[in-house]
Amino acid sequence: MNEFQDIWTYLSSEPLLWLTATLAAYTIGDALFKASGKRAYVNPVLIAVILLAIALTVTGTSYETYFDGAQFVHFMLGPATVCLAVPFYLNLCLVGKSALPMLAALILGSLTAIVSAVGLAYAFGIRGEVLLSLAPKSVTAPVAMGISESIGGSPTLTAVMVILTGITGAIVCTPLLDALKITDYRARGFAVGITSHGIGTARAFQVNETAGTFAGVGMGANALATAIIVPLVLSFF
Amino acid sequence: MIGHFTVILGFQLLGEILVRSLGAPIPGPVLGMILFLGLLVLRPSFADSVKSTAQGLLTHLSLLFVPAGVGVVGHINTLGSDVGVILLTIIASTILAIVVGAYAFTWTAKLIGQTDE
């Protein structure tokens, strides 16, 4: 028993264990996703998150300890965002000639995401900090947290809502857009990118490269649009 | 591969530095992406060689959101008693925004005479 404790003491003080666990949980999630025939509701991120949350609870591990290991994965978000330039470049002609449809979708989609979130929550009786934190939920986390802070919301609460929005979008987008019979992968990707930022973009890349490219463009554009629209919308509430 | 990765990290670094010094309302990596796109346009041969590194990273973009997702589980109780209502709001608002965004795109495309790909 002592020996086991020694090993555990070593493992829980090194990043190796939780880094491995993160990759393992995602591998399981991805395997289930592929086994399901790539169904949107078998979301590999959600599965990995649930598995890891259970593992942390069972072992009594804090998120800080977990993040010491997982930070290496988290760090790669930055370089991956820079890499979005490559599919963007390879589809430059298509992106260029889609400028007008993208602008329309950006303005209306961004506005819908903000107004419907704040409006619905207000109707449900949500007020104050929580209501404000919801406004930038469709934007990539670092920007959303910045917007939230500047309008008097809670950045932490916003981060939670951003991730929930991302996972929701990644799960509903394919069945939803199929039901609406929208077959244009530019429109599908772009709508998911402006609504569900990086997690939606990741889902779009699983489906189709054109969709992924347009989702990436949508995510970047909406970061800027939401920073402008949120203060305007809130001035009406 | 190491060379590609150095260039990619270099653009992220450049983006972070510029965003901070200009106080721009976009994240450093997004500006880094725009600048990197500029390089690819100027040097198309580099796009061919960096393609496999970039696509390798983007294939598993989902994985990179797992640590943040685990963080959400720990904070879900900060939503307090409103958690059900907030979830409902997020789901409804996300569906609405996807529908409006996608239709705005396809209708505008049709209006300017573009058809589906």
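**View 1. The two domains of chain B in this predicted model.** The domain assignment of chain B places residues 1-64 in domain 1 and residues 74-117 in domain 2. When the centres of these two domains of chain B are taken over C-alpha atoms, 28 Å separate them.

**View 2. The two domains of chain A and the contact between them.** For chain A, the domain assignment gives domain 1 as residues 2-75 and domain 2 as residues 84-232. The C-alpha centres of domain 1 of chain A and domain 2 of chain A lie 27 Å apart, and 6 residues of domain 1 of chain A are in contact with 8 residues of domain 2 of chain A. On the side of domain 1 of chain A that touches domain 2 of chain A, the residues divide into 4 nonpolar, 1 polar and 1 charged.

**View 3. The contact between chain A and chain B.** In this view, 90 residues of chain A are in contact with 66 residues of chain B.

**View 4. Helices α10 and α11 of chain A, packed against each other.** Two packed helices are described by the angle between their axes and the distance between the axes. Helix α10 (residues 141-151) of chain A packs with helix α11 (residues 155-179) of chain A at an angle of about 140°, and their axes are 8 Å apart. An angle over 145 degrees would count as roughly antiparallel, and α10(A) and α11(A) are therefore oblique to each other. The crossing of α10(A) and α11(A) is right-handed. On the side of α10(A), the contact is made by Ala141(A), Ala144(A), Met145(A), Ser148(A) and Glu149(A), while α11(A) supplies Pro155(A), Thr158(A), Ala159(A) and Val162(A). By class, this contact of α10(A) with α11(A) has 6 nonpolar, 2 polar and 1 charged residues.

**View 5. Helices α12 and α13 of chain A where they cross.** The axes of α12(A) and of helix α13 (residues 209-234) of chain A come within 6 Å, and they cross at roughly 85°. Angles of 65 to 115 degrees count as roughly perpendicular, and α12(A) and α13(A) are therefore roughly perpendicular to each other. The contact of α12(A) with α13(A) has, by class, 12 nonpolar, 12 polar and 3 charged residues.

**View 6. Ala204(A) and the residues that it touches.** Ala204(A) lies in helix α12 of chain A, and Ala204(A) is buried, because 32 other C-beta atoms lie within 10 Å. If residues up to four places away in sequence are not counted, Ala204(A) touches Gly189(A), Val192(A), Gly193(A), Ala211(A), Gly212(A) and Ala215(A). Thr174(A) is 30 residues apart from Ala204(A) along the chain, and the C-alpha atoms of the two residues are separated by 8.9 Å.

**View 7. Val118(A) in helix α8 of chain A.** The place of Val118(A) is in helix α8 of chain A, which covers residues 99-123. Val118(A) is buried, because 23 other C-beta atoms lie within 10 Å. Val118(A) and Leu23(A) are 95 residues apart in sequence, and in space they are 36 Å apart, C-alpha to C-alpha.

Key: Residues numbered from 1 in each chain as written. Chains lettered and ligands numbered in written order. Predicted model: local features only at pLDDT ≥ 70, side-chain atom pairs only at ≥ 80, totals over all residues. Contact = placed C-beta atoms within 7 Å. Axes fitted to C-alpha atoms, helices over the stretch in contact; angles between N-to-C directions. Helix = DSSP H or I, 4+ residues; strand = E, 2+ residues; numbered from the N terminus. Parallel < 35°, antiparallel > 145°, perpendicular 65-115°, else oblique. Left-handed = near helix turned anticlockwise from the far one by under 90°. Nonpolar A, V, L, I, M, F, W, Y, C, P; charged D, E, K, R; others polar. Domains from an automatic or database assignment. Buried ≥ 20, exposed ≤ 12 C-beta atoms within 10 Å, placed from the backbone.
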